Amino acid sequence: MIGFKNALTNQPVPCFIEDASQAELIVYTPECKNNLAVYLHKPEVKQSKKIGIFGNMATLRSIIQLTSENQFWDIEKTILTIDANDEVLVFANMEEVETYVQANFPDISEEDLKLLAHLDSLTRDERWKYWTEQFTACIKCYACRAVCPMCYCSQCTVECNQPQWIRVSSKTTGNMEWHTMRAMHLAGRCVNCGECGRTCPAGIPIHLLTTKMNQDLFKEFGTRPGFSTKGEYALNTFKTDDKEGFIK
Amino acid sequence: MSDFEPKIVAFVCNWCTYAGADLAGTSRTKYEPNVRIVRFPCTGRIDFMLLMKAFENGADGVIISGCHPNDCHYTSGNFHARRRWITFRSLLDFMGFDIDRITFSWVSAAEGKKWAELVNEVTDSIRTKGPFKEISTLDSSKLKQLFYDEITK
């Protein structure tokens, strides 16, 4: 069972229990913001075959998105959550998870909307200056990649060195390339859990890049990640009459 | 800087645009020589990271061109490419990249004239904009920036 427990700090941390006697450790408070779905890719977890996971909305959406990408063919999982009335809900199957998520579909947070609106109001040069300043602080720790449930490729393109797509060192140019590539690989797949931005040791709001991509893709193509297990991925489908205004 | 000649890299699909460019050549159409053409089997193969690499390696402008919708040699490559470009262009704009330095077009194998006109138009516009310094100066210190300005004056 994957859930949260209290730790020495105020922030609850993820925990793994294997015995019903340890069930008292599990807590669930509004501070439990981490997206636990990332642990469902861990080989040690997958060995258990039967897994329970206590999810907040972000985790539930990640699980839906991962199901639509067929990533759970080898594990049996039971999903639990706590609803608005502090009742524990045990979902019998993915349809129930979908219904629950679709009924309570979260909006983008106020803080993020404000920051996005602010960036929208800047000129192009100002936006470039903002992002390049942010990326100067990036140390290429790849924590954003490690914490994202959607980053499950066993061989990431970053590890490819023939050709070397992304520089290993943390020069600003290479950082910009990395974040561009990350945003493109997650466009239309990210569930806006905000973990990447929260986890970044340099405090860069990289979750804004993927949030903006999701907004745009929803506007252009109507796709919404983490909404339905039958959802389509914007970048491997197409319509013959997709509209754009810039191709000559 | 009046003798700045832009470097334009063109990512084109083999079956339409490359053939169109060929036609422009065999028809002895004169057009600006600043373009370097890179041939792909299909626009669907063009990875968005290649555009970033082009700019990083000194390109001042980029053209991406392929078959018209419904005419793709591989049926649907250009449809996938179109979706990818819509997404990528929006991301670059959000990051503050100058998306006017990237031109997308559909040029068929019979449109040699259109290819020549496109290259001329893009070269003129990039020549007016000036060299693309935003990426090459990202890592430099202030001193290097002053030196760069001096030698490219």
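How many residues does the contact take from chain B, and how many from chain A? The contact takes 32 residues from chain B and 31 residues from chain A, two residues being in contact if their C-beta atoms, placed from the backbone, lie within 7 Å. This is a predicted model, in which local features need pLDDT of at least 70, side-chain atom pairs count only at pLDDT 80 or more, and totals for chains, interfaces and linings use all residues. Residues are numbered from 1 along each chain as its sequence is written, while chains are lettered from A and ligands numbered from 1 in the order in which they are written.

On the side of chain B that touches chain A, the elements giving two or more residues are α2 (48-56), α3 (77-95) and β4 (102-106) of chain B. Helices (H or I, at least four residues) and strands (E, at least two) are DSSP runs, numbered from the N terminus. The most comes from α3(B), with 13 residues. By class, this side of chain B holds 16 nonpolar, eight polar and eight charged residues; Ala, Val, Leu, Ile, Met, Phe, Trp, Tyr, Cys and Pro count as nonpolar, Asp, Glu, Lys and Arg as charged, and the others, Gly among them, as polar.

The backbone also deserves attention. In chain A, the peptide bond from Gln162(A) to Pro163(A) is cis, with omega near 0°, and Pro163(A) lies in the loop between α6 (143-147) and α7 (172-186) of chain A.

Asn192(A), in the loop between α7 and α8 (195-199) of chain A, has a positive phi, near 60°, although it is not glycine.
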